[in-house]
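Have the sequence and the 3D view ready as you read.

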Amino acid sequence: TFDTSRAPFDDVHARLAISHLVDREALAQVAYGDEAEVMRGMAPDGEFLPLAGSQESLDEFLSGLTQSEFDVEAARAELEQSATPDGFTVEVPYPSSEPFAEPVLLSLQQAAEPLGIILELKPQTFIEWATDIYMFKPAQLGMFQIGDLQPDPNGGMALMIGAANAAPTKFNMAGWTPASLEPTILDLTQSSDRETRWEAAQEILTLAAEEMPYVPLFAPNTVLVYGGGYT
């Protein structure tokens, strides 16, 4: 997550630089083996399948979405276009109890240092980390995870965007609030028309891929076991 409301990550080029320093494919294997997918957008594919109407329609859209590939030279080029071309130093809090967090940040720290980007890692207990989330104390550069138990972006992605969610007990940890998206967010969250909601989801995902308020990481496989008689 990037706090888009303050330096250095109020600059899209600084955000894109970091995004190119995360080797998502390799880190997915380190953290989860074959038990996770690298996300193609701000949320797992499964959130959008009912809106897209078919796997083919979903794949057609997501395959054309801009992806952040691991590329140190691309990161260097983005940083040179930013307001901090010589780099910067930021503290990065993370939940030490989560197995994906430390490998991602150690890898990022190592890749970023030659560019003058110094990441000071700050391990937290899950309670400390979650308290900062719920009190809306966004880190300049942080880690975030959300569990979505329904195949719909209203239970996941929609909670992480927009002005209404940039507040305590809400989850827009990037403070990402483009005014142009507010009507689109209403279409996504309040419309009952599938096509209208799918168009809104595509618009949000496209802008997020361009402006990078969050670097999408992984969607681990989850097994749910229901007791007899559960309906």
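## V22 and its neighbours

Apart from residues within four places of it in sequence, V22 touches L27, F70, V104, L108, V215 and L217. Keep in mind as you look around that this is a predicted model.

Where does V22 lie? You will find V22 in the loop that joins α1 (12–19) to α2 (24–32). Is V22 buried or exposed? Its relative accessibility is 4%, and buried means under 20%, so V22 counts as buried. One of its contacts, F70, is 48 residues away from V22 along the chain, yet the C-alpha atoms of V22 and F70 are separated by 5.8 Å.

Next, look for the aromatic rings. A pair of such rings is described by how far apart the centres are and by the angle of the planes. How many aromatic pairs does the structure hold? There are 7 aromatic pairs. One of them joins F126 and W129: the ring centres are 5.4 Å apart and the planes are at 45 degrees, so this pair is tilted.

F126 and W129 both belong to helix α7 (residues 126–134), where they sit 3 residues apart, about one turn of the helix. F126 has a relative accessible area of 37%, so F126 is partly exposed. W129, by contrast, is buried, because its relative accessible area is 7%.

## A pair that reaches out of the helix

Y134 is partly exposed, with a relative accessible area of 45%, while F171 is buried at 19%. The cut-off explains the label for F171, because buried means under 20% relative accessible area.

## An aromatic cluster

Which residues form one aromatic cluster? The members are F2, F9 and F88.

L224 counts as partly exposed because its relative accessibility is 49%.

Key
Residues numbered from 1 in each chain as written. Predicted model: local features only at pLDDT ≥ 70, side-chain atom pairs only at ≥ 80, totals over all residues. Heavy atoms only, no water. Buried < 20%, exposed > 50% of the residue type's maximum accessible area, 1.4 Å probe, protein only. Helix = DSSP H or I, 4+ residues; strand = E, 2+ residues; numbered from the N terminus. Contact = heavy atoms within 4.5 Å. Phe/Tyr/Trp six-rings, centres within 6.5 Å; stacked < 30°, edge-to-face > 60°.
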